[in-house]
Amino acid sequence: MTTPSTATTPFDPTGQDPALPHDTHAAGGWGSVQSVAGLLREGGGTRAAAMLRSLNKPRGVMCPSCAWAKSAKPHAFEFCDNGAKATLWELDPNRADADFFAGHSLTELRMWHDHDLEKAGRLTTPLRYDAATDRYVPVAWDTAIAEIGAELRAMDPEQAVFYASGHAGLEAAYLYALFARAMGHQNLPQSSNMCHETTSVNLKSMLGTPVGTCTMEDLESADAMFFFGQNTGSNSPRFMHTLKAAVQRGCRIVTFNPVRERGLISFVDPQSVAQMTVAPATDISEKYYQLRPGGDIAVMAGLMKCVLAAEDAAPGTVLDHAFIAEHTEGFDATVAAVRALAWSDITRNAGLTQPMIEEAAAIWIGAKRVIGVYGMGLTQHVNGWLNLGMLCNLLLMGGHMGRMGTGISPVRGHSNVQGQRTVGVGEKSSHMPADKLRSLFGIEPPTKDGMNAVQMCEGIVDGRVKGLVMLGGNLVRALPDRERMEAAWPALRLTVSIATKPNRTHLTPGKIAYLLPCLGRTDEDVQATGKQAVSMEDSLSHISGSIGTAPPPGPQVWSETAIVARLAAATLDPNPALKWDAWAGDYDLIRNLIELTYPQYFARFNDRLFTPGGFYRGNPARDRRWETPSGRAQFTVPTTLSALEAELPQAGAALTLITLRSHDQFNTTIYGFSDRLRGLSGSREIVLISPTDIARLGLRDGQKVTLVCAVDDGIDRRVGDLAVTAYDLPPGCVAGYYPELNPLVPLSHHEERSATPAYKGTPVRIEV
Ligand SMILES: Nc1nc2c(c(=O)[nH]1)N[C@H]1C(S)=C(S)[C@@H](COP(=O)(O)OP(=O)(O)OC[C@H]3O[C@@H](n4cnc5c(=O)[nH]c(N)nc54)[C@H](O)[C@@H]3O)O[C@H]1N2
Ligand SMILES: Nc1nc2c(c(=O)[nH]1)N[C@H]1C(S)=C(S)[C@@H](COP(=O)(O)OP(=O)(O)OC[C@H]3O[C@@H](n4cnc5c(=O)[nH]c(N)nc54)[C@H](O)[C@@H]3O)O[C@H]1N2
Ligand SMILES: [Mo]
């Protein structure tokens, strides 16, 4: 075992008050109602109101925002203010059409704020970049498809990369994944590579499943839920209703997060007339601990020590020995390692006191059914694998896996990010079975692993990548090391963006660059056989159909499925088994193929498409079948106590930067400048620092400073003009907004096993 890394900034956590303040500023409530009402006034109208009423209901539109589960018994309004924003953003009456692009050069548009770029409206016509005039000019679909096809054909397949942001439905995603493999590569990076890839890779090796094990029934019957680094109130607000109901039936919620996020403190249900008028907010977390960023491994090591101590005191009452013996591997080595850890190392790395951890452990020990919930606070760290390993350890010790009311629940981001992986968007052969590719299509699939997002970036920087197709997303904003990436982008021979609205990435064209307008999920999608549905998989592994009803923004806007099919047909040699035209004309046929390729998940796919709440794709770990090499669930030995990189150059002077999202953005889409739930508004060019650190560093509130990355690899990474903003954070850490601070995160700074960028643990210095 290596020496546990030690945190560098002295921190006295005894000053922290773990009792909750009764905040008057709960999540939900009038604030969210007002924000929806305001949006409807701005650009909605009755069509928009009808669309919102249909959100997340059977045969309605599945929300284009987050991946939270759809209820089988929906409320009258089954959406949150963020879902409303995303929907109305897509229903935008403005048009970024040919006239718009004739009026603005790319050089000029680069001066625009990201918010204003998307505000230009929906794309309506295929566009090709013209370097002579520095403008996008309209082009016929046939010309665009033919030229892109010819360019891709001329490339060595391994020089092509097909990125997918997690929006597009299972139908487009399956065709995209098939297209790549038929072409001869598996360069299929996805937004999950920047997000929950830590989950896909590590839960697979620990539990034999790449996804969470919980369903809604589990969440409805747990006795305790432990939240690590997931901001429910902002990022999956519909989950708040489940949490409120859980608290009301006595489920105990404990949260570990360096930031006091409102939604996990208290919540006013905007659906409840009583709560909106007279009743007090529901307290969500019974205990809320502001640990150090990267301190979760230490916290969980402390919790394990407490669990072991309780078992020692009353043998046979705390651990689930039968489960451990029958279903797991590695228990003894893990327990020995945990017993050997010193509390002083644990508390220093956690930034919490021993009594705080003991108090949280008492809740764990007292619960018969425990669920671990987590988000980017665990995944976007160098040692994210061990964050998940420790959470699995804790759950496995008590047999909290594969039993009603228990399990592990990663909360996913994009509405179909999990589903796209399920149907083949991924760089490994295991993502799309070779035998099926042979038997269904006569394709001899590539065997070499493709590129994930970080490898794609390396390939763009060193010139190995020549062609980049992007099915959604805004890569130059979302990726780490933005300035390096933005500088490397124009050397690409071909860039193809399939998008609903213009964004920064479109302003960084390759030598040949196309911007292709696509339908969003709210738009009606009519093909040769009539109106089509698409489908998606949510965070709890349920699959739902979605039918768009809005009139498309223009006759030249194609569906993502049709665009992918036509590009594939123009690129690949004819093969009678690849029926691109027929598939683009009837999505039922694609769902039949998905069922044939993945029969274990998609039996009777078309019949079950509109099951209320979606149909469950199943999960072997939930049934205590472990699809790991040993056939057992794996305990993980803690080899360090910090999720941060163990030995950072200049660590002594560095602060840990966490990058945050506000509820007024969806990733790189900035809806507005209010961070209502954090009591911040007006500017996103800020750096949050604790008052103690402001004083220690001799700064003052409002002062403009520069953040400089403290990883010493010869590259200068800095972001200036950030206003110092006093905020309740643990000392030694600073926080600011994603994507503004992405230039500070080195590409090489990523989770060890999955290459998920360590966006929550970058060492930085402040320069005045
Ligand atoms: N409104 C809105 N909703 C969204 C999105 C959005 O941008 N806006 N994005 C969507 C996407 S793609 C995703 S992936 C999800 C992301 O949703 P989340 O998983 O909630 O991700 P973040 O908000 O990035 O970070 C979550 C929390 O981690 C905490 N944190 C940071 N470092 C640590 C740490 O070391 N330990 C612990 N325990 N906590 C830490 C932060 O304070 C923050 O509260 O949200 C989705 N939903
Ligand atoms: N510093 C930092 N960086 C991060 C993160 C972080 O926490 N901190 N989080 C990471 C995470 S979790 C993620 S998931 C990534 C997200 O990274 P991406 O997936 O690349 O980015 P998005 O901002 O979601 O993409 C927005 C664009 O998608 C397009 N779009 C919207 N709807 C549709 C549609 O229906 N179809 C198509 N084809 N296009 C559409 C629009 O043009 C819009 O501009 O960012 C990552 N980057
Ligand atoms: Mo994400």
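## A first look at ligand 1

A polar side-chain atom of Asn235 sits 2.7 Å from an oxygen atom of ligand 1. Asn257 likewise has a polar side-chain atom 2.7 Å from an oxygen atom of ligand 1, and a backbone N or O atom of Gly377 is 3.5 Å from a nitrogen atom of ligand 1. Here a polar contact is a pair of N or O atoms within 3.5 Å; within protein, one must be able to donate a hydrogen and the other to accept it, and residues adjacent in sequence count only if both atoms are side-chain atoms. On its own, ligand 1 exposes 920 Å², and the protein buries 99% of that. Such accessible areas come from the Shrake-Rupley method with a 1.4 Å probe; for residues, only the protein chains shown count as cover.

## How to read this model

This is a predicted model, in which local features need pLDDT of at least 70, side-chain atom pairs count only at pLDDT 80 or more, and totals for chains, interfaces and linings use all residues. Residues are numbered from 1 along each chain as its sequence is written, chains are lettered from A and ligands numbered from 1 in the order in which they are written, and side-chain values use heavy atoms, with hydrogens and water left out.

## The shell around ligand 1

Ligand 1 is surrounded by 33 residues, the closest being Glu261, Gly294, Arg661, Gln665 and Asn667. A residue is near a molecule or strand if one of its heavy atoms lies within 4 Å of it. The shell around ligand 1 holds 12 nonpolar, 17 polar and four charged residues. In this sorting, Ala, Val, Leu, Ile, Met, Phe, Trp, Tyr, Cys and Pro count as nonpolar, Asp, Glu, Lys and Arg as charged, and the others, Gly among them, as polar. Domain 2 and domain 3 each give at least three residues to the shell around ligand 1.

## Ligand 2

Around ligand 2 there are 31 residues, and Ser165, Glu560, Thr668, Tyr738 and Asn742 are the closest. By class, they divide into 11 nonpolar, 15 polar and five charged.

A polar side-chain atom of Tyr738 is 2.7 Å from an oxygen atom of ligand 2. The side chains of Gln380 and Arg661 each place an N or O atom 3.2 Å from an oxygen atom of ligand 2. Of the 940 Å² of accessible area that ligand 2 has on its own, the protein covers 97%.

## Domains and strands

The chain is divided into domain 1 (95–188 + 444–612), domain 2 (197–415 + 630–634) and domain 3 (655–767); these bounds come from an automatic or database domain assignment. The centres of domain 1 and domain 3, taken over C-alpha atoms, are 31 Å apart. Their contact (heavy atoms within 4.5 Å) takes 18 residues from domain 1 and 21 residues from domain 3.

Strand E24 (residues 655–660) pairs with strand E33 (residues 762–767) in the antiparallel sense over three bridges, and Leu657 stands opposite Thr762 in E33. Strand E30 (residues 704–709) also runs antiparallel to E33, joined by four bridges, with Cys709 opposite Val764. Two strands pair if DSSP finds at least two bridges between them; helices (H or I, at least four residues) and strands (E, at least two) are DSSP runs, numbered from the N terminus.

## Two backbone details

Most residues other than glycine have a negative phi, and most peptide bonds are trans. Tyr738 and Pro739 are joined by a cis peptide bond, with omega about 5 degrees. Pro739 lies in the loop between strand E32 (733–737) and E33. Asp481, although not a glycine, has a positive phi of about 50 degrees; Asp481 lies in the loop between helix H24 (475–478) and helix H25 (482–488).
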